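Hi there,

Here is the structure I promised to send over. Have a look at it first, and then read on for what turned up.

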Amino acid sequence: MNEAQIRSMKDLPSTHLLGAGTSMCAGCGGLQAVHEVYDLVGGRTIFVNAASCMTLLSTYPFTPFRGGWLYTSMASAPAGAQGVRDALDILLRKGRMTAEDDMTAVVLAGDGASFGMGLSSTSAAIERGLDFLYLCYDNEGYGNTGQQASGATPHGARTSTTVGPRGYVGRKKDLFGIWAAHRPVYAATVVAAEPLDLAKKIQRAMSMRGPRLVHALAPCPTGWDFDPKDTVEIGRLAVRTGIFPLKEYVDGKIVHTVVPRPRLPVEDYLRLQGRFAHLFAPTRNEQQLTEIQAGVDEYWREVT
Amino acid sequence: MSRLLLTGNGAAAWGARLAAVDYVPAFPITPQTEIIETLAAWCEAGTLEARLVTLESEHSMITAAAAAAATGVRVFTATSSQGLLYAMEMIYTVTGWRAPFVLTNVSRALAAPVTLEPDHTDVLAARDSGFLQLHCSTCQEVVDSVLLAYRVAEHADVRLPAIVNEDGFYLSFTREPVDLPDANAVRQFLPPFETQGIEFRASRPVSQAVAVLGGTPYSYFRYEVHLAANRALAVYEEAANAFARAFGRYWPAVETYRADDAEIVFFMIGAFATKAKDAVDRLRESGWKIGLVRPRLLRPYPEAALREALLGKRAAIVIDQNLSMGQGGVLASELAAALYGRAGQPLLIRFIAGLGGREIAPEEFYEMAKVARGAADTGVAPTPRLLYTANELRELRKLQAIAHAERAGSAR
């Protein structure tokens, strides 16, 4: 990164690099994150995509990206990044390409690939020390196919495959923790509704080499059943209720970049989303709401 | 040129070394592993200036291979059997990237039951993917075919990945004398990979493998792969001639052995074709007009050359070392389609044989020849069948009796 260090909102890029007019849904929190990330990573990148909603960003003959794009499969985007990175390194070392033509490999994947099918190739890429940025936009379900439950679905959420009164009975997998256990050079959670926090983390990630995770919570109007105008509000509430902690892993330590004080009741976040409506009507499910709140409380008790 | 005793796997590794590959994404699987171990040792020693990376699966390995090829380096990789099947999503995907590289498949029969020994059902699962397929019957052919495969795969008219197939065990672990082509002459035959601008560079961004909306663009791009594969026929012929001029060995798309005046021919691919040649020689000594027709190139399918070799024969004994469940042998059905409705088409005598490494004995070749002659005399082809002796069945029944006794014993 050549730009000066980002310290405040006024330092954020004013020119926007990602093209408009994509086929993402109105109010897509994932696209909002990709916009903000792309302004900072720029066009000297190749986005290596795993099957997800954003596979449709590059639909022949259009692309919103200024740099490269390679769609791979659901399971093997990190291996695609490995092939590109290795080839670029070989070309540089053998003098068959100039440094000006070098690019940063960025994996772009949804939670379906990141938390499930692609974990094996992700784990191996980190273990090999692959120099890449992994951007997961997490809308907490298989969104592109109509929001079926994935390994990222939160406890209690109704999805199109968990339609019972208790919603999804499993627990959201800790992707950040899985990455941290691999000791990568960097891992962070972000949400587009907190653009300054996001920008600082992307800037830090881009100053490093090696495996780097950016896990973006992606409020999803269609999958979570809320009004598209509320995407930013829901993103903020995810942070302020503490249900989605903003943190980073660097030099072997985990630091929370935003500690919500006071922490709002998690209900404030849940209530805006149709996927949690069954917790409030026809009767209030006090037990499950208490459980969810207790889970959040426990997390913050442990880390602060 | 130097002469070495090499296994099929050693020959495949030498092919990659002589092709001066840049990148080897790898994953171990029997009987292929010796190839990547050999290459790893050369990379370490610096005798091959390439980067070898072990991926965590063949699915990832093929993804990395094609991604690197799409970035503009020469890539070699290898697998077998379950590995090829595990990679199958990407085998079918990467042909659409039009990124050429070479994959050596060391054929091994598919589970279940689990075995390490060869047949060709694995590689034929990749038949419709867009990968070119070259099938070898000797170790010499393996090293030469790797070089031929790069030349054809990288050609501007083709730009498709290629599989060079060798049989597990019978070729992979069998040492044969191999004439290694001279490295300088190889550089003439196979210049460095020319990307034609299809590569990822910051100054010239491209989008690869994007989505399309609807059948119109899909049909166009997918059919382009088919047309490119078809163009590989002429490109192959040119490459085989150039190879013959440079190295004195001519590897036609379809090998014919003592077939010109033959009335009956064996028709098969792979290492066991050398057994068929031996049987042809013996039968010729007894006065038979018999030969062998062996397609080396299976994709693209050398239809015209096969017609030329086979029309006018009385019978072709098709030996399929593969099994399309519920249909039969793949070679036979493809050959029947190529010959259908043509004057002088031979009677096809269909055998499934050599599954899971099952030997084909000389006497069995003679017996198949007799069956073919009898059928040709009556004009009626016998029902396709599995080459399997009464003695074998008796031995298997013994194993079954033991299995039943063991199970009954453990249940008590």
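Which domains does the domain assignment of chain B give? It gives domain 1, covering residues 2-247, and domain 2, covering 254-391. Please keep in mind as you read that this is a predicted model.

Staying with chain B, the centres of domain 1 and domain 2, taken over C-alpha atoms, are 28 Å apart. The two domains do touch: 25 residues of domain 1 of chain B are in contact with 20 residues of domain 2 of chain B. On the domain 1 side, helix H6 (121-124), strand S6 (132-135) and helix H9 (215-247) of chain B each give two or more residues. H9(B) gives the most, with five residues. That side of domain 1 has 13 nonpolar, eight polar and four charged residues.

Now to where the chains meet. The contact draws 38 residues from chain A and 37 residues from chain B. On the chain A side, at least two residues each come from strand S2 (68-71), helix H2 (77-93) and helix H4 (119-127) of chain A. H2(A) gives the most here, with 10 residues. By class, the side of chain A that touches chain B has 16 nonpolar, 15 polar and seven charged residues.

One more detail for your viewer: S2(A) is joined by two bridges to strand S9 of chain B (residues 207-208), and the two strands run parallel.

Technical notes:
Residues numbered from 1 in each chain as written. Chains lettered and ligands numbered in written order. Predicted model: local features only at pLDDT ≥ 70, side-chain atom pairs only at ≥ 80, totals over all residues. Contact = placed C-beta atoms within 7 Å. Helix = DSSP H or I, 4+ residues; strand = E, 2+ residues; numbered from the N terminus. Nonpolar A, V, L, I, M, F, W, Y, C, P; charged D, E, K, R; others polar. Pairing = 2+ DSSP bridges. Domains from an automatic or database assignment.
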